[in-house]
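Here is a colleague's note to read beside the model. The points are numbered, and each can be checked on screen.

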Amino acid sequence: MRHLFTSLEEARFPKEKNVHLAIGKFDGVHRGHQRVLSAAKKRALADGGLVAALTFTPHPSRVLRPDKPSELLVYPWEKIDLLFKYGADAVIEQPFNETVRNLEAKDFPELLKRQIPNLKSIHIGENFRFGKGRGGSSRSLAQCAQPLGVDVEISPSITHGDEPVSSTRIRALLRCGRMHEANELMGRLYETCGAVIKGKQLGRTIGFPTLNFVRDTETKPAYGVYLVTVHDPQTGVELPGVANYGLRPTVEKKAPQPILEVHVLSENCPWGPGDVLCVRGHKFLRAEQKFPLLAALRQQIEKDKAQAIAFFTKRAKRLAQTYPKKRS
């Protein structure tokens with residue numbers, strides 16, 4: 001089962017299956033969110049039930065703080081894909097409208113039970129807030145749900161480096177180029193997926209052809225050069241590369257939007273315009289800069305490429321030692 005419902009009213013589940021519901025904003029689906037989903041999955045495996053993830057659209061900050069909403073880490077469709085990836089059998093995108101906003105906290109569990117009669121357990125993080133004026137807490141939800149025969153499991157926050165893992169912290173790390181740390185908090189590599197667009201092919205003139213992508217997300221990583229891998233979800237092929245994300249000041253006087261340009265470290269790159277690929281960021285190498293001449297840019301790209309080759313060669317050796325091939 002893998003279903004996407006656009007509201008609680010629309011959600012339908014088999015009557016013979018218990019539903020274990022994970023609730024949250026889930027922006028980025030980081031390690032803390034994954035812990036909540038994992039707890040719901042554990043309960044579902046124990047009784048043969050289903051995992052549903054309840055999230056809200058638009059992001060509640062759009063309604064509660066319209067003058068200063070949170071910058072999203074991922075596109076809405078990426079969030080849904082990640083929720084399925086980390087264990088959800090169904091995702092419910094509940095509109096965060098005035099009705100939901102003004103719902104009294106004490107009425108929230110009853111609403112969930114009414115819309116999902118076979119609701120068996122609710123899974124939330126310890127900092128979960130809900131109801132009018134954010135008046136409900138994780139503890140009060142547990143108290144209100146108990147008379148309804150619904151268990152509430154509260155997952156404690158995950159810390160990394162003595163600080164809690166949070167979407168706010170991940171945003172800050174990405175903005176200042178600390179990609180490796182952001183990946184650790186997310187529990188996966190930072191990824192952008194999309195179709196390759198046709199560029200101006202300037203990279204070819206200096207010996208470094210690129211795959212170009214538009215990545216106009218709200219949370220923009222630091223402009224600069226990254227070590228990446230390019231994954232083809234259709235074939236499973238994944239190749240290393242070196243990428244520049246930014247405004248290309250050496251060749252553009254005033255770029256209309258940031259572009260992600262990826263030079264694949266392969267003599268025969270199998271992809272081109274129109275192909276849908278995922279670019280995964282491993283490490284931030286250096287900030288984007290303007291060079292006086294194309295020759296200087298080319299020399300710097302040579303150095304970047306050498307660093308990328310060294311990084312991925314070392315990584316391949318490390319993986320080979322960790323997962324040695326079985327003898328036939």
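1. First, a term. Patches are made of residues with over 30% relative accessible area and no salt bridge, and nonpolar side chains are joined within 5 Å. On that basis Leu202, Val251 and Leu294 make a nonpolar surface patch of about 230 Å². Leu294 is found in helix H10, which covers residues 294-322. The relative accessibility of Leu294 is 42%, so Leu294 counts as partly exposed.

2. Overall picture. Please keep in mind that this is a predicted model. The protein chain has 10 helices and 16 strands. Its C-alpha trace spans about 70 × 60 × 40 Å along the principal axes. The chain has 328 residues, and 47% of them count as buried.

3. The largest nonpolar core. This core has 30 residues. Which of them touch the most other members? They are Phe13, Leu21, Ile23, Leu54, Ile92, Leu112 and Ile122. Several elements give two or more residues to the core: strands S2 (19-23), S3 (50-57), S4 (90-95) and S5 (119-125), plus helices H5 (108-115) and H6 (138-145). S3 gives the most, with four residues.

4. A positive surface patch. Lys25, Arg65, Lys68, Arg129 and Arg134 form this patch. Arg65 is found in the loop between helix H2 (60-64) and helix H3 (76-85). With a relative accessible area of 38%, Arg65 is partly exposed. Arg134 lies in another stretch, the loop between strand S6 (129-130) and strand S7 (136-137). Arg134 is also partly exposed, at 45% relative accessible area.

5. Backbone at Arg134 and Phe26. Most residues other than glycine have a negative phi. Arg134 has a positive phi of about 55 degrees, although it is not a glycine. Phe26 is not a glycine either, and its phi is positive at about 60 degrees. Phe26 lies in the loop between S2 and helix H1 (31-47). Is Phe26 buried or exposed? Phe26 is buried, with a relative accessible area of 1%. Please look at both sites in the model.

6. A cis peptide bond. Most peptide bonds are trans. The bond that joins Thr57 and Pro58 is cis, with omega at about -5 degrees. Pro58 is found in the loop between S3 and H2.

7. Salt bridges, and one that spans the sequence. A search of the whole structure finds 12 salt bridges. In one of them the side chains of Arg175 and Glu71 meet, at 2.9 Å from N to O. Why does this pair tie together parts that are apart in sequence? Arg175 lies in helix H7 (residues 167-175) and Glu71 in the loop between H2 and H3, so the parts they tie together are 104 residues apart. Arg175 is partly exposed, with a relative accessible area of 41%. Glu71 counts as partly exposed too, at 33% relative accessibility.

8. Buried salt bridges. The side chains of Arg286 and Asp304 meet in a salt bridge of 2.8 Å, N to O. Arg286 is in strand S16 (residues 276-287) and Asp304 is in helix H10, so the pair links distant parts of the chain, 18 residues apart. Arg286 is buried, and Asp304 is buried as well. Arg248 forms a salt bridge with Glu252, and their closest N and O atoms are 3.4 Å apart. Arg248 has 15% relative accessibility and counts as buried. Glu252 is buried too, with a relative accessible area of 13%. Both values are under the 20% cut-off for buried residues.

9. A salt-bridge network. Which residues are linked in a network of salt bridges? They are Glu191, Glu238 and Arg280.

Note on methods: Residues numbered from 1 in each chain as written. Predicted model: local features only at pLDDT ≥ 70, side-chain atom pairs only at ≥ 80, totals over all residues. Heavy atoms only, no water. Patch = residues over 30% accessible without salt bridge, like charges linked within 9 Å, V, L, I, M, F, W, Y side chains within 5 Å. Areas by Shrake-Rupley, 256 points an atom, 1.4 Å probe, with all protein chains shown as cover. Salt bridge = Lys/Arg side-chain N within 4 Å of Asp/Glu carboxyl O. Lys, Arg positive; Asp, Glu negative; His and termini not counted. Charge placed at Lys NZ, Arg CZ, Asp CG, Glu CD. Buried < 20%, exposed > 50% of the residue type's maximum accessible area, 1.4 Å probe, protein only. Core = buried A, V, L, I, M, F, W, Y, C linked by side-chain atoms within 4.5 Å.
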